[in-house]
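Here is a briefing on one structure, grouped by topic. Please keep the sequence and the 3D view at hand.

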Amino acid sequence: MPASYSSAFDPSPLQDLCVAIDDPKDGVFVNGKFCKDPKLAVSFFSGLNKPGNTYNRVGSNVTTVNVDQIPGLNTLGISLVRIDYAPYGENPPHTHPRGTEILVVVQGTLYVGFVTSNPENCLITKILYPGDVFVFPIGLIHFQYNVGNTPAVAFAGLSSQNAGVITIANAVFGSNPPINPDVLTKAVQLDKNVVTHLQSIF
């Protein structure tokens, strides 16, 4: 029997626009989500000019503008984020399971990179300055780190109305319920006490 493959991406639009609504009783068309009557559609978001709060353990803040913030992005296969970095802050290793990301630096200096898939696990990195652009392919683990002693800002577009995000350390050590420490001890080749400590802080 031949192997079968499947993949999931944003649905193709069936009309010019499909502004998503949460309550289907007001829905007129269906394309991924229930849609408003196009004659009533207004899609707008304000606030990307405001810095995010980077006072946290990783020193970064991601302001997301996806279909949840702009319902008019439904079916259009695109979204946007603003990322603020404290001095030496980072957007830790993570993946977007449903979207490729293109990032542009507008302030500061970032060390960025991604890791290719098994078995190569090749790390591809670059130092970026204002005006520089870098692409993170869909599904690959990637990161950004502010190598400067001043704040940094970047904007990124994603090829999905909701690309999703899986922060690696949070998913592995902070799952709910927790992954059995014996599994992680073997997987990451650390002492079990180190593993349980990591699980306690994520």
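In which strand does Val135 lie? Val135 lies in strand β9, residues 133–136. The model is predicted, so to speak of local features takes a pLDDT of at least 70, side-chain atom pairs count only at pLDDT 80 or more, and totals for chains, interfaces and linings use all residues. Residues are numbered from 1 along each chain as its sequence is written, and side-chain values use heavy atoms, with hydrogens and water left out.

**Surface patch**

- Ile102, Val133 and Val135 make a nonpolar surface patch of about 240 Å².
- Patch residues have over 30% relative accessible area and no salt bridge; like charges are joined within 9 Å, and nonpolar side chains (Val, Leu, Ile, Met, Phe, Trp, Tyr) within 5 Å.
- Accessible areas come from the Shrake-Rupley method with a 1.4 Å probe, and for residues only the protein chains shown count as cover.
- Val135 has a relative accessible area of 40%, which means it is partly exposed.
- The classes are buried (under 20% relative accessible area), exposed (over 50%) and partly exposed (in between), with a 1.4 Å probe and protein chains only.

**Sheet**

- An open sheet is formed by 5 strands, in the order β8-β7-β10-β5-β12, with antiparallel pairing.
- Its edge strands are β8 (123–128) and β12 (166–167), each of which pairs on one side only.
- Helices (H or I, at least four residues) and strands (E, at least two) are DSSP runs, numbered from the N terminus.
- Two strands pair if DSSP finds at least two bridges between them.
- Strands β7 (residues 110–115) and β10 (residues 142–146) run antiparallel and are joined by 5 bridges.
- Tyr111 has Tyr145 in β10 as its bridge partner.
- In general, strands of a sheet pair through backbone hydrogen bonds, either parallel or antiparallel.

**Backbone: cis peptide bonds**

- The bond from Asn118 to Pro119 is cis, with omega near 5 degrees.
- Pro119 sits in the loop between β7 and β8.
- Asn176 and Pro177 are also joined by a cis peptide bond, with omega about 0 degrees.
- Pro177 belongs to the loop between α1 (168–173) and α2 (181–188).

**Backbone: positive phi**

- Thr75 is not a glycine, yet its phi is positive, about 75 degrees.
- The loop between β3 (60–65) and β4 (79–85) holds Thr75.
- Thr75 counts as buried because its relative accessibility is 3%.
- Tyr88, also a residue other than glycine, has a positive phi near 65 degrees.
- Tyr88 is placed in the loop between β4 and β5 (90–95).
- Tyr88 counts as partly exposed because its relative accessibility is 46%.

**Salt bridges**

- The whole structure has 2 salt bridges.
- The criterion is a side-chain nitrogen of Lys or Arg within 4 Å of a carboxyl oxygen of Asp or Glu.
- Side chains of opposite charge can pair when their charged atoms come close.
- Arg82 and Asp84 form a salt bridge at 2.9 Å, N to O.
- Both Arg82 and Asp84 are buried.
- Asp182 forms a salt bridge with Lys192, and their closest N and O atoms are 2.9 Å apart.
- This pair links distant parts of the chain, 10 residues apart: Asp182 is in helix α2 and Lys192 in helix α3 (residues 192–201).
- Asp182 is partly exposed because its relative accessible area is 45%.
- Lys192 is partly exposed because its relative accessible area is 39%.
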